[in-house]
Structures are given as C-alpha cells and as structure tokens.
Amino acid sequence: MNENLARKLKELPNQSGVYFHKSADGEIIYIGKAANLRNRVRSYFNREHTDTKTRALVAEISDTDWIETESEIDALFLESEMVKRYMPRYNILLRDDKSAVYVRIPFSDFTPTVALTRTPVDDGAEYIGPFYSALPIKNALRFLRKIFPYYANKNDADSKLLLQLGLIPNPENPANYKKDLKMLARYLRGERVKIQKEIEKEMDTAAKDLAFEKAADLRNKLQNLNELRRQIVFGRDEFMDISKDQALVGLRDLLDLAEIPRRIEAYDISHISGAHNVASMVVATNGVADRREYRKFKISRNVNDDYAALREVITRRLKHLSDWGRPDLVLIDGGIGQLNAVSDLLDVESIPCIGRDKGGDHSRNAPVEIVAPNFDKAPIKLNHDDHIAKLIARLDEEAHRFAVSYHTNLRNKSLFR
C-alpha cells in the first residue's frame, strides 16, 4: 500500500456513498456502493480474501476516491450510473452473471405492474437499471411502494389488506396511478432532489387553491420521501435499522401509530376453571423476542374471569413503566371483550393496544384477526403469509406458551405438596 492510499483510508467518512478503486495509471478498475464508506473500503485491506479475483483486485488498487451520498438509496442509484458510465473491468470479473437486475414497468398496459427481471427484452416496457445486486433494489422498492403505491402482480388489485396499508393505488383514481408510476421510475433513475422540489411546489399550489386534502396527501408523500433517506437497504449487519422490518412498519401504518412499535408486549391468561390463575407478558424488541424482558404474574384471585385477570395484570404492569420500560404497543390474546377490559387503563398512558381474536381456536393455524378499541370498522383479517400476521401470531403463541408453562409449573407444585 502506497502512502497516498494509506492517507486516504484514514480520511474515509462514516457516510454512505460510492467508491472508485483505481490502478497505478489512474484507470477506474472497480466501483462499489457502501452504507459506510469507511468500513467498506477499509475491509478490502484489513482481511484475508479467499477469492482469487478479489485478491487480484486488491493487489492492483493504487488509489481510491469516493462520492458521499445522503442515503443508501442514493448510493444504489449512483453506483448503477457510474458502472454504466465507466464499465470497470473488475465489476465484470467479480459480479455473478445472474446478479444484474432491472426494474420492469410496462406503462402501455392497462394496469401496469412493477417487477424485477434479469433478462430485459424488446417488449415496449421500460427497463430501469441495471442494478448490480438484487437485495438492495428489492428493499428500495419495498420502501418506495409506500410512497408510490404499485401493483407487483395482477392479483394485488383484489387485496383489501394491501389497499388498507396503502401499498396499492386507489382503483378509483387510475390516472393518479400512472402519474405515481412515472414518479417511481424517475426516482429509480436518481431524480430524488428534483422530484421533491416538484412535490413541494405542487403542495404549495394546492394549499393556495384551498385543496387541503390534496395538499395533505402531498405533504405525507414528501415526509415519507425524507424518511426514506434514513432507511437501510443494503442488508448489512452493522447499524441495523428497525425500519427494515416490514411487519413493524406495516403495523405502524395499519394502526396509524406515531412511531414504529419498537417494544411490543403480548399478554395471555392461563388457568383451569379459575385454579392456578396466571398471566404472561412476553416482549419483542425490534420485532425479535427479548426473553430478558419477559414477566409472569400470579393472579391474586382464583376466579374464572379472564377480564378481571387481564385488568389486574395491566394495572400491575403500568406501575413499572419507569423500571421495565414503556411499551409502544400492547397485544392482548382475545377479542373486543378482553380488549375493552383494559383499554381504558392503557388510554390513560397513551399506550395503543390491539387484540387477536382467534374465535376459540388455539391451534397454530388459527386465523389472525386484529381488533382494536379505536377501530370504527369490522376486525381486520390478515392472510397467514402476511408479515404483520406472522409477527402477531408469533408473539401471541409465545405469550400462550409462556403462560401455560407457568400455570403447569404451579399446578405440578400443588400436586406434590
């Protein structure tokens, strides 16, 4: 490593961006994107590479430069443009032939869909790319779908859940769909700043024309675009961001929560005809079970009254907000009756709550149906393969398991006294 390269490695910022490895004669031999330029570029020189092509690249690097970007998504788009511009030879040698993907949008279709493909053809559709790794562009599209709703396939139009989550366009405004798709295509080509300025101008015009609903929609779109710049799309292990979790983001949007629910607590009651009455509290932090935070409760009265038991548990739980932490969302095993038994207690602390109404079915195939005290409509039924459904089912089943385990333990102890 020469002195100039060693000096530059010390100057690398902890910022997303695109880096350019150069040979001794100044040729750009490799271009890559990074969530953290300092960590990524240094990794070429501080580890032993087993791949012969990578070792050959590192041996030839004499200089490196970089361009910082405001977000990972900007880095993703910039990398695509720079590779197309310079066609570095090591990008060709090091990438798998199957890794380059394109975003395909057939604008001429009656209901265009947005999909990824590795084989663009001359079929009249618009192909945006290539992007040199599939996972980041998949993640980017997942986040962008909340801002520019689109159909991923023809069957999406029949999904009430996707419509409720705002992930597909309102079928009553087909003209708006084509407009959003064009915005999406432009964004994928890297026109983020220009698009944001256009939306700001359109929002100001709508407000002056007293079109407040339209202005509010544009404001939300603008806020989501700003939030998108903070999303993690490269799938790295360092600096994991909670916004990667589709289920948590979906819950926030579905329940109209102010923030992503980082701490979710799930509760269940277990007893046999009121005997050995216990309750469980299981906790998910950032969507993952956090067993250190689990709690179990022995109900003070052995009565066959789940409503009273839940009310006692929540009352006791709320006395520990300062030392146990504050939940962002509470999940109750039960329907609207169980939920109404505790919702007033949680309302005082401004803690949102939902229930999972299984209709008496406690099997692993039980339906995932959400009820909430503030819903002014029928319970929301989720498909089993939906991300939100999987998270709720996982937490509810864990709460049930933990409660039954505690109940069984107490019952067994009483039998051997």
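The crossing of helices α8 and α9 is left-handed. In this model, which is predicted, helix α8 covers residues 174-188 and packs against α9 at an angle of about 145°, the two axes lying 8 Å apart. On the α8 side, the residues that take part are K179, M183, R186 and Y187, and these meet R192, K194, I195, E198, I199 and E202 of α9.

Helix α9 (residues 192-208) is also paired with helix α10 (residues 212-228), and here the axes come within 8 Å and cross at roughly 155°. Because angles over 145° count as roughly antiparallel, α9 and α10 are therefore described as roughly antiparallel to each other. The crossing of α9 and α10 is, in turn, left-handed. The residues of α9 that meet α10 are I195, Q196, I199, E200, E202, M203, A206 and A207, while α10 contributes F212, K214, A215, L218, R219, K221, L222, L225 and N226.

L12 is found in the loop that runs between α1 (3-11) and β1 (17-22). With a relative accessible area of 3%, L12 is buried, because residues under 20% are counted in that class. When its neighbours within four places in sequence are left aside, L12 is in contact with L37, R38, V41, R42 and W66.

For the protein as a whole, the model contains 15 helices and 14 strands, and 50% of its 417 residues count as buried. Of the contacts between residues at least 6 apart in sequence, 61% join residues at least 24 apart. The protein exposes about 21600 Å², of which carbon and sulfur atoms supply 48%.

Finally, the confidence of the prediction should be considered. The mean pLDDT is 83, and 89% of the residues reach 70 or more. Among the elements, the highest mean pLDDT, 94, belongs to strand β11 (residues 329-333), and the lowest, 68, to strand β9 (residues 288-289). Over residues 235-244 pLDDT stays under 50, and for this stretch the model has 24 contacts beyond four places in sequence. Where pLDDT is low, the predicted coordinates should not be read in detail.

Technical notes. Residues numbered from 1 in each chain as written. Predicted model: local features only at pLDDT ≥ 70, side-chain atom pairs only at ≥ 80, totals over all residues. Heavy atoms only, no water. Helix = DSSP H or I, 4+ residues; strand = E, 2+ residues; numbered from the N terminus. Buried < 20%, exposed > 50% of the residue type's maximum accessible area, 1.4 Å probe, protein only. Contact = heavy atoms within 4.5 Å. Areas by Shrake-Rupley, 256 points an atom, 1.4 Å probe, with all protein chains shown as cover. pLDDT = per-residue confidence, 0-100. Axes fitted to C-alpha atoms, helices over the stretch in contact; angles between N-to-C directions. Parallel < 35°, antiparallel > 145°, perpendicular 65-115°, else oblique. Left-handed = near helix turned anticlockwise from the far one by under 90°.
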